[in-house]
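Here is a short briefing to read alongside the model. Take a look at the structure first, and then we can walk through it together.

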Amino acid sequence: MNVVEKDMKKKTPLVEIKNLSKSFQMGGQELKAVNNISLSIQSGETVGLVGESGCGKSTLGKTVIRLNRATSGEVLFEGDNILSLPEKSMKKFRKDMQIIFQDPYASLNPRMTVEELIGEPLSIHRLITGKAKKDRIKELILQVGLKPEHLHRYPHEFSGGQRQRIGIARALALNPKFIVCDEPISALDVSIQAQVVNLLKQLQQELGLTYLFIAHDLSMVKYISDRILVMYLGNMMELADSESLSREPLHPYTQALMSAVPIPDPAIKRERIVLEGEVPSPLHPPSGCVFRTRCMHAMDICSKQVPTWKEVKESHFTACHLYN
Amino acid sequence: MDNLLEVKDLEVSFYTHAGEVQAVRGVNFAIKQGEVVAIVGESGCGKSVTAKSIMKLLPSSNSSYKKGSILFKGQEIIQANEREMKKIRGNEIGMIFQDPMTSLNPTSKISDQIAEGLRKHRNMSRKEALNYGIKLLEMVGIPHAAERIHHYPHEFSGGMRQRVMIAIAIACEPELLIADEPTTALDVTIQAQILKLLKQLKDDLNTAIVLITHDLGVVAELCDKVIVMYAGKVVETGNIAEIFRNPRHPYTMGLMRSIPRLDMQRDENLYSIVGTPPDLLNPPKGCAFYSRCKYAMKICKDFSPEMESLEQSQKAACWLYHPLAKSAVKTS
C-alpha cells in the first residue's frame, strides 16, 4: 500500500478502541485486567501487542471482538459501537472479526474433520451450502497451503504448524476484515514459525486484512507489525511505529523488554538491563505508575501520580513521568 | 583435558502401539569440565531424550538403549544399576526441567525438597540441610529465603519456581548440570534473570552445563559449543562463533536464516524451511533432511552422510562436504 492510499484510509479507522477496561471479580476483589486502553487500528494495518504473561494482552484482544464483556469503554468497528449492540445484531459483525488462537492443539475440536472445522463458520452464518460450500472449503485449504486430500483427516493427524494453518483457514472462512492473532506462533518450532508468519503476511496482502497481533516475542512482532503497543499490568506503556519503538524505546519498561531479548549473534555483547523482581499481582497494582516497583528511574512522583499518556515524539506515545 | 561426559553412538527407541519410534539414532558428543554446550533442534528431534538418557530417566517399560555408550567420568551409565544411578543423580549430575510447575512435588515444602539431596548425598542433619537450603535459595536470588523455604511450590511464581529448581539441582555442587529448556516457559525479563544466574553458576562453580533449547538467542548468549540435532541425529557441531558465523549444514543454515534479524526490512519475506521433519516411526533411509533440503543430491536419498570435519572444531553430516563432492554450496 502506498503512502497516498494509507493517508486516505487514515480518516476512518477500521477499529477504534476508546477507554476500554475489563475487570474480573475474584473472591470479592476486583482484578483490573485491562485498564483504560485507547487505540485506533487503520484498515490494512498490523498492530503488535506485546507484554509479559498476565499483562492483559489476550484479554484485550478478546474484549475487542466481544468474546469478553467489557467493563467500560467503547469499541467502534467501522464507526459502530459493537459493545452496546444486542447479541442478535452482533452476529453480522462477528463475520468481520475473527480470532486465531495460540494453541493449535486445544483450539480445534478433535472429533471434527478438517472439512467440518473449516465449514462450521459457513454453516453457522448460513452463507453457502452444498457444492458452493465444498468449493469454498477447498479454496480455503489451498489458500493456507494445505491440500484438498487433507480435508477428510482429523486434527491429531497434523503437526502443530499444519494445525495452525487449519485455524487460519477457519478464521478466513467468512472473509473477515479484522483478525486478532493471539500468539499464533508461540507454540510452534522456529522453522515452522517463519512459515506461518509468511503465510499471515501474504494473506494480509492478498485479502487486505487488518491484524491485531499479540505476542511476547519482540523480534517477531517488530518484523510483522506497523505499530506496536506495549502493555504492563493492564496499562498502556508505549505506542509507536515498530521502527522507532525498536530504535528508540522511550519507556523504561520497553527498554528493559528490548534488552532482555537474547540476540542470536554471539559477536554482539551488550550490557543488558535485567529487571529485578517480578510483575506485581494485578489484584494489588502499585499506586501511581504501575511499573515503578521495578523501574530503575523511579522517582517520588511515580508513586503518587499516574503518568499521563503523551505524544512525546511524532506518533510516538508513552506514559512516563520522565517525559513530563 | 579429559572429557567429563562422552556420548558415543547412542541409539534410543520407544515402543508404542504404532511400532518402534527411533527417537535417537546415533548421537556422538563430548563435554569437558566447565564447558557450556547447547543442544538445539526442533520438537521431536531427540534432544530431550538424549538428555534424559544421560540421567537414565527414560521409562524402562517402553524404551530401551539400543546401542552406544554414555561415559560419565569414565563410568558407563548405561550399565549402571539403579543404586549406582542414585549416587550420581542430583549429586554429580543435576537436572533442571522445562516446566517448574510439574517437576516440583506439589505436596511437600521446598525445605524438604532441597534437603532430600543434601541429607542423602552430603549426610547433613535436618538442621544443617535447612540452613544450607536457605543459603542456596539466597544464592539463586529468592528474597526472604528463610521464610520462603517453608512454603509449597504453588506459593511461588513461575520464575521463582525455576529458581527453586536450580537451587535443588545445584545443592550438591554437581559437575554437570543438564538444563532442559530452562527458560522456555518464562517471560523474557524473567528469562534474562535466569540466564544471568546460569552464567554466574558456570563462572563461580565451574559447572559444565548441557543446555537444551530451541532458542538460538539463548544459545548465543550463554554457550561455548553447539550441537544441532535433526530427526534423532547430530547434523552439525562446532563452537558458537563457527556455527553462527558460518553454518554449514543446510538445516542449520535454514534455522539461522529463519530468525528475524533486527536489520531486516518488513517487506522482505522471512526465510522458512519448507515441509516438516520426518516421522521417526519410519525414519528415511538416507539423510533425514533430504525432503526439505534445497541442495539435495541423488545420494542423499538412500545413504546417510557421515560427519565430516570442516573447521577447527566444526563438523557437519552432509554429503556436500564429502571430500569427493563438488563444492555446490557457496556459504557467505
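Which residues touch the most other members of the largest nonpolar core? They are A:Leu212, A:Phe213, B:Ala167, B:Ile178, B:Val210 and B:Val219, in a core of 190 residues. Please keep in mind that this is a predicted model, where local features need pLDDT of at least 70, side-chain atom pairs count only at pLDDT 80 or more, and totals for chains, interfaces and linings use all residues. Residues are numbered from 1 along each chain as its sequence is written, while chains are lettered from A and ligands numbered from 1 in the order in which they are written.

**The core**
- A nonpolar core here is a set of buried Ala, Val, Leu, Ile, Met, Phe, Trp, Tyr and Cys residues joined through C-beta atoms within 7 Å; buried means that 20 or more other C-beta atoms, placed from the backbone, lie within 10 Å of the residue's own.
- In chain B, domain 1 (3-223) and domain 2 (247-321) both give residues to the core of 190 residues, so this core lies between them.
- Beyond its neighbours within four places in sequence, B:Ile178 is in contact with B:Ala51, B:Ile54, B:Met55, B:Ile93, B:Met95 and B:Val210 (contact: C-beta atoms, placed from the backbone, within 7 Å).

**The two domains of chain B**
- The bounds of these domains come from an automatic or database domain assignment, and their C-alpha centres lie 29 Å apart.
- Contacts link 10 residues of domain 1 of chain B with six residues of domain 2 of chain B.
- Strand E2 (residues 19-32) of chain B gives the most to the domain 1 side, with five residues (strands are DSSP runs of E, at least two residues, and helices are runs of H or I, at least four, numbered from the N terminus).

**The sheet**
- Eight strands of chain B form an open sheet with mixed pairing, in the order E6-E7-E8-E3-E9-E10-E12-E11 (two strands pair if DSSP finds at least two bridges between them).
- At the edges are strands E6 (93-96) and E11 (307-309) of chain B, each pairing on one side only.
- Strands E10 (residues 233-239) and E12 (residues 315-317) of chain B run antiparallel and are joined by two bridges, with B:Glu236 opposite B:Ala316.

**Where the chains meet**
- Chain B brings 36 residues to the contact and chain A brings 29 residues.
- On the chain B side, helix H8 (188-205) is among the elements giving two or more residues, and H8(B) has the largest share, seven residues.

Key: A residue is buried if 20 or more other C-beta atoms lie within 10 Å of its own, exposed if 12 or fewer, and partly exposed in between; C-beta atoms are placed from the backbone.
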